[in-house]
Protein chains: 2
Amino acid sequence: MRAKDFRLEVVATDSLARSARISTPHGEIETPTFMPVATFGAVRGISAEELAGAGAQILLSNTYHLHERPGEQTIEALGGLHGFTGWSGPWLTDSGGFQVTSLSDRAKIDEAGVTFTSPLDGRRRTLTPESTIQIQEVLGSDIAMVLDECIPIAEQSPDSENRENHENKESRTDPGELERAMQRTLRWAERAQKARRRESQAVFAIVQGGASESLRRWSAEATAELDFDGYAHGGLGLGESREERRAAVEIANQSLPVDRPRYLMGLGRPIDLMDGIAAGVDLFDCVVPTRNGRHGLLFTSQGVLSLRNAQFERDDGPIDPECDCPACRNHSRGYLRHLIRSGETLGPRFTALHNLTYYLNLLTRARRAIENGRFAALHAEIEAIADRRI
Amino acid sequence: MRAKDFRLEVVATDSLARSARISTPHGEIETPTFMPVATFGAVRGISAEELAGAGAQILLSNTYHLHERPGEQTIEALGGLHGFTGWSGPWLTDSGGFQVTSLSDRAKIDEAGVTFTSPLDGRRRTLTPESTIQIQEVLGSDIAMVLDECIPIAEQSPDSENRENHENKESRTDPGELERAMQRTLRWAERAQKARRRESQAVFAIVQGGASESLRRWSAEATAELDFDGYAHGGLGLGESREERRAAVEIANQSLPVDRPRYLMGLGRPIDLMDGIAAGVDLFDCVVPTRNGRHGLLFTSQGVLSLRNAQFERDDGPIDPECDCPACRNHSRGYLRHLIRSGETLGPRFTALHNLTYYLNLLTRARRAIENGRFAALHAEIEAIADRRI
């Protein structure tokens with residue numbers, strides 16, 4: 001089954017990078033783009049109006065969180081995700097599988113699905129390939145994700161929240177284990193494809209296979225045969241090197257149909273986005289811009305700035321002189337630093353919105369660069385400031 | 001000494017109620033009005049643009065908090081309160097005395113001033129009538145408050161955060177104690193008047209005297225002789241009855257010059273504002289609308305609504321159909337309830353802004369009612385819904 005009123009049209013290509021237009025029942029999306037994360041149906045502290053002003057075209061929400069609270073039936077009664085939240089543009093919902101396994105230390109995965117203990121009422125619940133599609137159909141998102149089994153490529157260091165690279169050859173996951181999870185993900189995708197009923201909702205399947213090029217190719221080819229509306233690269237940012245990631249995405253993309261969106265899940269930093277685009281990715285999501293923003297770690301045209309540093313105490317300049325977001329237009333680094341240090345929620349609201357604006361502006365530049373055949377230059381520019389601290 | 005460029009002009013009177021226009025170096029204020037509380041130089045989660053949109057004309061900030069963090073020198077370096085915060089309209093700063101004595105359990109008050117232990121660095125500091133004026137001059141507010149000694153009229157019940165009425169005849173403060181604090185407040189006012197240097201800053205003195213009509217009259221007469229730019233009613237909402245409060249304010253106002261603003265400090269609920277206006281008050285401040293708003297206790301044209309109640313789970317209507325704030329224009333009770341219950345900061349941001357909009361709209365109605373000689377009807381309308389729960 002394929003969704004109605006959902007299609008991708010390639011606008012321009014520049015080497016493997018591409019700009020495209022995705023049509024959905026709730027409007028068009030120009031790609032490559034970034035999806036701000038609205039876990040509970042809201043981006044922390046930021047209104048739908050502000051997200052639109054920053055250039056957001058599609059938001060991501062977490063099925064597991066919404067299922068627990070307020071429950072998909074309540075959301076349906078209040079007009080589905082669009083009516084409920086007031087964001088009337090496209091929505092993507094994840095499957096909930098990643099959240100369940102990362103939030104619950106007693107999650108059990110078997111062929112049926114994922115069984116976990118709800119932190120809300122302590123009861124055991126099971127999420128299956130079928131039930132996650134059904135929940136997402138009730139939520140009414142434009143794009144639903146299939147349940148997948150996502151295992152780390154290497155053991156993560158405890159502070160790897162941002163899913164940055166942690167090349168750790170010693171603690172690498174057994175290749176047999178990665179293949180087993182990839183095969184199960186494939187079987188679950190098949191079950192999800194059979195379970196879906198809603199024609200107005202696209203469903204994306206997920207390519208797995210760790211950092212192995214042969215597993216990634218195999219996974220992409222077999223998943224592509226199931227004829228989904230779009231495809232995601234899963235299980236990355238979890239221990240592989242930057243070069244391994246590039247290769248994994250590039251090889252899978254060779255086996256995925258050109259006319260379907262490609263989504264790199266959960267990554268990341270500006271340079272990760274540029275790397276992904278260079279490998280042919282259309283969609284991104286990550287908590288990095290909003291979470292880092294709330295903590296005062298800000299992306300700028302000159303590099304990364306940590307607003308808590310004492311050097312900014314009496315700095316009357318904007319976060320980024322090249323940015324046009326409300327924080328940069330109206331407030332100084334000194335004032336925003338004070339708000340964050342004082343626990344004033346206006347601070348994180350402004351700084352998270354700044355980071356999102358930076359990301360969304362960067363992706364607009366990426367689209368224009370691809371259309372002008374100059375993406376490599378933009379990629380190099382971002383690489384040059386990736387580790388630069390102001 | 002009197003401030004330059006600061007004056008009050010009465011526009012209309014209706015019995016004791018009055019509407020007026022206060023000119024300040026940073027713009028005019030139409031009174032009666034309510035001053036949203038921006039403790040650290042920001043109203044929790046709400047931007048200056050949104051405050052202006054809601055009808056705010058003047059903000060209040062807390063000298064003690066700003067003195068501790070980021071310090072008045074930093075604020076001065078970043079353009080004073082106006083440049084620092086981006087709120088370019090008038091600012092009122094309190095003296096810090098009330099905060100110091102209510103936040104520190106080891107505050108010591110003597111003739112010199114208030115000595116307290118800083119929660120930031122554990123050091124002992126002293127706030128004197130002179131130093132609080134000096135700090136406020138550096139902050140650059142349009143209206144500074146003198147240091148006063150504020151003692152409760154009766155012992156407060158532990159949940160009396162909102163400074164509502166707690167008529168408790170048994171635990172009443174000794175009248176001699178109230179007179180002593182009133183006399184000291186008067187001596188401190190005299191010292192503040194001598195210490196001030198900044199011509200562009202108005203200074204308000206504070207009438208004390210508990211619930212005693214004779215002490216209030218005495219305090220008002222003696223304070224008025226010191227020729228301040230405005231006068232506040234202090235020490236109310238701390239144990240007296242509603243009728244005692246009305247009498248205390250009314251009697252003091254008889255002794256205060258007609259051409260100076262009158263400010264009822266720290267009160268309160270909509271009905272407290274109406275009572276104050278009926279007794280001739282021009283300015284109000286209180287954390288009730290913002291704090292209650294953040295907790296989902298919302299003021300509406302039909303009464304008070306507690307958004308956490310289960311009855312609103314699937315309610316697709318606005319908080320108040322008669323309100324034009326961003327929350328009421330764009331979101332349902334069901335969605336806002338979900339945000340508050342999920343700890344999403346977008347919820348408190350919207351609900352606090354709703355309450356502020358309700359207050360500021362109510363005060364616009366009060367001004368129009370006074371100008372049309374119909375304030376008593378508005379007062380009765382608000383009294384009728386004061387205790388009504390939706």
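User: Leaving aside its neighbours within four places in sequence, which residues is Thr357(A) in contact with?
Analyst: In this predicted model, Thr357(A) has its place in helix H14 of chain A. Thr357(A) is buried, because its relative accessible area of 4% falls under the 20% cut-off. Leaving aside neighbours within four places in sequence, its contacts are Ala54(A), Cys323(A), Asp324(A) and Cys325(A).

User: How many of the 26 residues of H14(A) are buried?
Analyst: Thr357(A), in helix H14 of chain A, is itself buried. The helix is largely enclosed by the rest of the structure, because the number of its 26 residues that are buried is 20.

User: How far apart are the end C-alpha atoms of H14(A)?
Analyst: Helix H14 of chain A covers residues 346–371, and at 1.5 Å a residue its 26 residues should span 38 Å. The model agrees with this expectation, as the end C-alpha atoms are apart by 38 Å.

User: What is the phi of Gly373(A), which follows H14(A)?
Analyst: Gly373(A) comes after helix H14 of chain A. Its phi is positive, with a value near 65°.

User: Are H10(A) and H14(A) roughly parallel or roughly antiparallel to each other, and which residues of H14(A) are met by H10(A)?
Analyst: Helix H10 (residues 270–278) of chain A packs against H14(A) at an angle of about 25°, with the axes 11 Å apart. That angle is under 35 degrees, so the two helices are roughly parallel; the crossing is right-handed. From H10(A), the residues taking part are Pro270(A), Leu273(A), Met274(A) and Ile277(A). On H14(A) they meet Tyr358(A), Tyr359(A), Leu362(A), Leu363(A), Ala366(A) and Ile370(A).

User: What is the order of the strands in the open sheet of eight strands in chain A?
Analyst: The pairing in this sheet is parallel. S4 and strand S5 (59–61) of chain A are the edge strands, each pairing on one side only. From one strand to the next the twist averages 30°. The order is S4-S14-S13-S12-S11-S10-S6-S5.

User: What is the bridge partner of Leu60(A) in S6(A)?
Analyst: S5(A) pairs with strand S6 (residues 91–93) of chain A in the parallel sense, over three bridges. In S6(A), the bridge partner of Leu60(A) is Leu92(A).

User: Which residue of S2(B) is the bridge partner of Leu8(B)?
Analyst: In chain B, three strands form an open antiparallel sheet in the order S1-S2-S3. Its edge strands are S1 (7–14) and S3 (27–31) of chain B, and neighbouring strands are turned by 15° against each other on average, direction ignored. S1(B) and strand S2 (residues 17–24) of chain B pair over seven bridges. In S2(B), Leu8(B) has as its bridge partner Ile22(B).

User: Is Ser15(B) buried or exposed?
Analyst: Ser15(B) lies in the loop between S1 and S2 of chain B. Its phi is near 55°, a positive value in a residue other than glycine. Because its relative accessible area is 71%, over the 50% cut-off, Ser15(B) is exposed.

User: What is the relative accessibility of Asp5(B)?
Analyst: Asp5(B) is found in the segment before S1 of chain B. Phi of Asp5(B) is near 55°, positive although the residue is not glycine. Asp5(B) counts as exposed, at a relative accessibility of 53%.

User: Where is Pro32(A) found?
Analyst: The peptide bond from Thr31(A) to Pro32(A) is cis, with omega near 0°. Pro32(A) is found in the loop between strand S3 (27–31) and strand S4 (33–35) of chain A.

User: What is the omega of the peptide bond from Leu267(B) to Gly268(B)?
Analyst: Gly268(B) lies in the loop between strand S13 (262–264) and helix H10 (270–278) of chain B. The bond from Leu267(B) to Gly268(B) is cis, with omega near 5°.

How values were computed:
Residues are numbered from 1 along each chain as its sequence is written. Chains are lettered from A and ligands numbered from 1 in the order in which they are written. This is a predicted model: local features need pLDDT of at least 70, side-chain atom pairs count only at pLDDT 80 or more; totals for chains, interfaces and linings use all residues. Side-chain values use heavy atoms; hydrogens and water are left out. Two strands pair if DSSP finds at least two bridges between them. Helices (H or I, at least four residues) and strands (E, at least two) are DSSP runs, numbered from the N terminus. Axes are lines fitted to C-alpha atoms, for helices over the stretch in contact, and angles run from 0 to 180 degrees between N-to-C directions. The expected span of a helix is 1.5 Å times one less than its number of residues. Buried means under 20% relative accessible area, exposed over 50%, partly exposed in between (1.4 Å probe, protein chains only). Angles under 35 degrees count as roughly parallel, over 145 as roughly antiparallel, 65 to 115 as roughly perpendicular and the rest as oblique. A crossing is left-handed if the near helix is turned anticlockwise from the far one by less than a right angle, and right-handed if clockwise. Contact means heavy atoms within 4.5 Å.
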